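Student: I'd like to learn how to read helix packing and charged pairs in a model. Could you walk me through it?

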Amino acid sequence: MKISTKGRYGLTIMMELANRFGEGPTSLKSIAEKHQLSEHYLEQLVAPLRNAGLVKSIRGAYGGYILSKSPEQVTAGEVIRVLEGPISPVDFTEEDDPAKRDLWIRIRDSIADVLDSTTLANLISFEDQGKNDNYMFYI
């Protein structure tokens, strides 16, 4: 499963709103400028997030967006499902080999477990512990 820019930028929006939770609305323009993203694209992404009830829009000169719930109550899985659709590494059918079907289901469930157990609060409070999975192989 590959997360597209919709999911990645959507998480960026939600993390920025989580960082500013309780401080009032945040404009998409400020998020776009900070992350060097297209404001127009962010507007397209925030609409489904608003329709799903994850964010609220505030009108006016000092308007913008706020989270509908606290960062501890919103999971990465909710955001990804709204923007990307169902979580599944492959489209499998009942005709698939049972062993492969079981593998695809276990992969899907593992991905869903990680996304559903990771809140916006976890993401914004993340501190890199120096764990680096980038291996260099020399031949």
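**Reading helix packing and salt bridges**

Tutor: Gladly! Helices H1 and H4 are oblique to each other, and this comes from a predicted model.

Student: How are two packed helices described, and what are the values for H1 and H4?

Tutor: In general, a packed pair is described by the angle between the helix axes and the distance between those axes. Here, H1 (residues 5–19) and H4 (residues 76–84) pack at about 135°, with axes 9 Å apart. Their crossing is right-handed. On the H1 side, Lys6, Gly7, Gly10, Leu11 and Met14 make the contact, while H4 brings Ala76, Val79, Ile80, Leu83 and Glu84. Those contact residues comprise six nonpolar, two polar and two charged.

Student: Now the charged pairs. How many salt bridges does a search of the whole structure find?

Tutor: The general idea is that oppositely charged side chains can pair when their charged atoms come close. The search finds six salt bridges. One of them joins Asp116 and Arg81, with the closest N and O atoms 2.7 Å apart. This pair links distant parts of the chain, as Asp116 lies in helix H5 (residues 98–116) and Arg81 in H4, 35 residues apart.

Student: Is Glu16 buried or exposed?

Tutor: Glu16 has 5% relative accessibility, so it counts as buried. Glu16 forms a salt bridge with Arg20, the closest N and O atoms being 3.5 Å apart. Arg20, at 24%, counts as partly exposed.

Student: Which residues are linked with Glu16 in a network of salt bridges?

Tutor: Arg20 and Lys34 are linked with Glu16 in that network.

Notes:
Residues are numbered from 1 along each chain as its sequence is written. This is a predicted model: local features need pLDDT of at least 70, side-chain atom pairs count only at pLDDT 80 or more; totals for chains, interfaces and linings use all residues. Side-chain values use heavy atoms; hydrogens and water are left out. Axes are lines fitted to C-alpha atoms, for helices over the stretch in contact, and angles run from 0 to 180 degrees between N-to-C directions. Helices (H or I, at least four residues) and strands (E, at least two) are DSSP runs, numbered from the N terminus. Angles under 35 degrees count as roughly parallel, over 145 as roughly antiparallel, 65 to 115 as roughly perpendicular and the rest as oblique. A crossing is left-handed if the near helix is turned anticlockwise from the far one by less than a right angle, and right-handed if clockwise. Contact means heavy atoms within 4.5 Å. Ala, Val, Leu, Ile, Met, Phe, Trp, Tyr, Cys and Pro count as nonpolar, Asp, Glu, Lys and Arg as charged, and the others, Gly among them, as polar. A salt bridge is a side-chain nitrogen of Lys or Arg within 4 Å of a carboxyl oxygen of Asp or Glu. Buried means under 20% relative accessible area, exposed over 50%, partly exposed in between (1.4 Å probe, protein chains only).
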